[in-house]
Amino acid sequence: VTGSARSGACAVLALYLVGCTGPSDPTERLAVQSSARFELVSGVLGTGCGSLDCHGQVGRSLRIYSQAGLRLDPEAFPSLDGGTMSSAEIEANYQAVIALEPEVLALVLRDHGENPERLTLVRKGRGSESHKGGAAIAVGSTSDRCILSWLASALDETACTDGAMIPQRPTSP
Amino acid sequence: MKRSWLIAVLAASIALLGCRNPVVSERQAALGPEQPGVPHGPLHRPGQPCTLCHSASGGNNPEFSLAGTVYKSADSNEPLVGAVVQVIDKDGAQRYLTTNAVGTFYVTTSDWSPSFPLWTSVGYTCGDTAATYVHADMQTQIFRATACADCHFDPSGPSSAGHIYLSSTAAGLCP
């Protein structure tokens, strides 16, 4: 075996070993916002984002279930008449939100909700980043305040309750 | 000269083929053929997602800002003829659109390009007098769909509210 061949084999082995190196601590867990009171946030997301023609579609990475939109139970259908959101739907919405950018979410939690626009969820919702649905959640609106309060682990229940209500029809100009 | 002309035609053909969106094309093909005896026009393909074809991406004129089909009741596929669909956009601008002989209504982009989200309602006058006027508001807003059938298709299920109707039963529409 020539020296150059040995060197090449060593280089390949080194690259292989480096490529297989995983996280320094595979048991590391990210601390993100709790799901304990997510039901109120889920309501806001359902109204502002979860219509059937937007994030209430199964093909979305941010897939939002809501009473008047996409349903998880195959026997359920979209309607505001009777019926409620199931705990499974709320949990699915929570998983959809935290799975988007868990590392950034953990940083926002660590910083007590500071600089929430680090999150694509907030940027897209506010329309500050290209978003087909535009500014679905305007800066300073009840929906915006609800989401920001959840991110800061200081849930504004009033803002969430108001933000979950379907907006009134505009009057003629 | 003849050769350059041939190349130009070939290039144009490739360009046109390249512009077709395969996802849209597949969805259009899935709609199936025209109903026998119904020509292209306002009466064809009721209940289908009109703007899948009648849009910039769909490639067919006229382009619609909003279009859909209204049925008499939840338990019937009988079209509601002469219903008035009110559409209000986020700025408060509104239009009243009347359903035709197959229950279909539409507005073209050249007539109106509303700002989303939209709110809609359907009204219908039973008989010749206004004595019995039936009215229903759509509960939620329309955020981006331009074809009602994108969300309102049969059968109703987890991702569809079913077709648009005014009464839960046909008998109950105009008692």
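**Figure 1. The largest nonpolar core of the predicted model.** In this predicted model, the largest nonpolar core is made up of 25 residues, and those with the most contacts inside it are Phe38(A), Val41(A), Leu45(A), Val97(A), Ile147(A), Trp150(A) and Leu151(A). At least two residues of this core come from each of the chain A helices α2 (38-48), α3 (87-98), α4 (102-110), α5 (120-126), α6 (142-151) and α7 (157-163), and α3(A) gives the most, with five residues. When its neighbours within four places in sequence are left aside, Val97(A) is in contact with Phe38(A), Leu45(A), Leu62(A), Leu121(A) and Trp150(A). A second, separate core has 21 residues, including Trp112(B), Leu118(B), Cys126(B) and Ile142(B).

Figure 2. The buried residues are Ser143(A), Asp144(A), Cys146(A), Ile147(A), Ser149(A), Trp150(A) and Leu151(A), and what covers them includes the chain A helices α2, α3, α4, α5 and α7. Among these buried residues of α6(A), Ile147(A), Trp150(A) and Leu151(A) also belong to the residues with the most contacts inside the largest nonpolar core. After α6(A) comes Ser153(A), which has a positive phi, near 60 degrees.

**Figure 3. The buried acidic residue Glu89(A).** Glu89(A) lies in helix α3 of chain A and, because its relative accessibility is 1%, where buried means under 20%, it counts as buried. The side chain of Glu89(A) makes a polar contact with the side chain of Arg71(A), at 2.9 Å, while a polar atom of the Glu89(A) side chain lies 3.0 Å from the backbone nitrogen of Leu72(A). With its neighbours within four places in sequence left aside, Glu89(A) is in contact with Tyr65(A), Leu70(A), Arg71(A), Leu72(A), Asp73(A) and Thr84(A).

**Figure 4. The three-stranded sheet of chain B.** Three strands of chain B form an open sheet in the order β4-β1-β7, and the pairing is mixed. The strands β4 (104-108) and β7 (164-167) of chain B stand at the edges and have a single partner strand each, so one side of each is left without a neighbour in the sheet. From one strand to the next, the twist averages 30 degrees. Strand β1 (residues 64-73) of chain B pairs with β4(B) in the antiparallel sense over five bridges, and Phe64(B) stands opposite Thr108(B), which is in β4(B).

**Figure 5. The four-stranded sheet of chain B.** In another open sheet of chain B, four strands follow the order β3-β2-β5-β6 with antiparallel pairing. Here β3 (94-98) and β6 (132-137) of chain B stand at the edges, and since each has a single partner strand, one side of each is left without a neighbour in the sheet. The twist of this sheet averages 20 degrees from one strand to the next. Strand β5 (residues 119-126) of chain B runs antiparallel to β6(B) and is joined to it by six bridges, with Thr125(B) opposite Tyr133(B) of β6(B). Strand β2 (residues 84-88) of chain B is likewise antiparallel to β3(B), to which five bridges join it, and Val84(B) stands opposite Thr98(B) of β3(B). Between β2(B) and β3(B), which form a hairpin, there are five residues, and Gly92(B) in the turn has a positive phi of about 95 degrees.

**Figure 6. The two ends of helix α2 of chain B.** At the start of α2 (residues 22-30) of chain B, Asn21(B) brings a side-chain oxygen to within 2.8 Å of the backbone nitrogen of Val23(B). Just after α2(B), Gly32(B) takes a positive phi of about 85 degrees.

Figure 7. Chain B has a mean pLDDT of 90, with 92% of its residues reaching 70 or more. Within chain B, confidence is lowest in helix α1 (residues 2-19), at a mean of 67, and highest in β4(B), at 98. Where pLDDT is low, the predicted coordinates should not be read in detail. For the complex, the predictor gives an ipTM of 0.81 and a pTM of 0.83.

Terms used:
Residues are numbered from 1 along each chain as its sequence is written. Chains are lettered from A and ligands numbered from 1 in the order in which they are written. This is a predicted model: local features need pLDDT of at least 70, side-chain atom pairs count only at pLDDT 80 or more; totals for chains, interfaces and linings use all residues. Side-chain values use heavy atoms; hydrogens and water are left out. A nonpolar core is a set of buried Ala, Val, Leu, Ile, Met, Phe, Trp, Tyr and Cys residues joined through side-chain atoms within 4.5 Å. Buried means under 20% relative accessible area, exposed over 50%, partly exposed in between (1.4 Å probe, protein chains only). Contact means heavy atoms within 4.5 Å. Two strands pair if DSSP finds at least two bridges between them. Axes are lines fitted to C-alpha atoms, for helices over the stretch in contact, and angles run from 0 to 180 degrees between N-to-C directions. A polar contact is a pair of N or O atoms within 3.5 Å; within protein, one must be able to donate a hydrogen and the other to accept it, and residues adjacent in sequence count only if both atoms are side-chain atoms. pLDDT is the predictor's confidence in each residue, from 0 to 100.
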